[in-house]
Amino acid sequence: MRLRTMLTSLGFQVTAAFAAVVLLFALASVYYLGAFQRQLAYDSVVEIAGRLELTAQQIRTRAMNYKQNAPRDYPTYYRDLNLYYQDLMVDIETFDQVIDTFMKGDFRGDMRGLLPWIRPRVGADVDAAIAALERVWEAYRRDLITAIGP
């Protein structure tokens with residue numbers, strides 16, 4: 001009888017309702033923290049991919065400029081080595097670093113203001129795209145270095 005009285009008391013009902021609201025809020029917070037983590041990871045991937053796209057555009061623009069202004073003699077050839085070749089090597093290094101970041105899957109270095117306990121994760125589809133990107137880059141890089149020569 002005492003249990004029934006306690007269950008029907010106003011104090012118990014208010015406390016139970018408050019506990020249910022707190023539990024619901026905690027579960028919603030955990031869910032949204034996971035969604036926040038996924039969004040941070042995707043934002044980071046998009047930002048890094050944007051850097052790759054910009055670097056690829058720079059390589060293309062420099063190649064077009066070089067083709068339009070091809071060296072006619074040795075002095076201009078050596079000038080071009082100083083201008084174009086060093087920039088191309090910097091772009092290749094940028095690609096290598098970004099691809100390495102993608103392959104490691106650790107985007108924390110590229111994410112500003114990230115709490116130390118958040119570890120971004122990406123899905124299997126992003127992992128597959130990253131693996132394809134690495135294969136394409138390796139083939140392109142190999143062919144580019146072969147075309148440039150020593």
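User: How many helices and strands are there in the protein?

Analyst: The protein has four helices and zero strands; helices (H or I, at least four residues) and strands (E, at least two) are DSSP runs, numbered from the N terminus. This is a predicted model, in which local features need pLDDT of at least 70, side-chain atom pairs count only at pLDDT 80 or more, and totals for chains, interfaces and linings use all residues. Residues are numbered from 1 along each chain as its sequence is written, and side-chain values use heavy atoms, with hydrogens and water left out.

User: Why is Tyr85 called partly exposed?

Analyst: Buried means under 20% relative accessible area, exposed over 50%, and partly exposed in between (1.4 Å probe, protein chains only). Tyr85 has 34% relative accessibility and therefore counts as partly exposed. Tyr85 lies in helix 3.

User: What makes a nonpolar core, and which residues of the largest one touch the most other members?

Analyst: A nonpolar core is a set of buried Ala, Val, Leu, Ile, Met, Phe, Trp, Tyr and Cys residues joined through side-chain atoms within 4.5 Å. In the largest, of 14 residues, Leu52, Leu88, Ile92, Phe95, Val98, Phe102 and Trp137 touch the most other members. Helix 2 (10-68), helix 3 (74-104) and helix 4 (124-148) each supply at least two residues of this core, and helix 3 gives the largest share, six residues.

User: Which residues does Phe95 touch, not counting residues up to four places away in sequence?

Analyst: Contact means heavy atoms within 4.5 Å. On that basis, Phe95 touches Leu52, Thr55, Ala56, Ile59 and Trp137.
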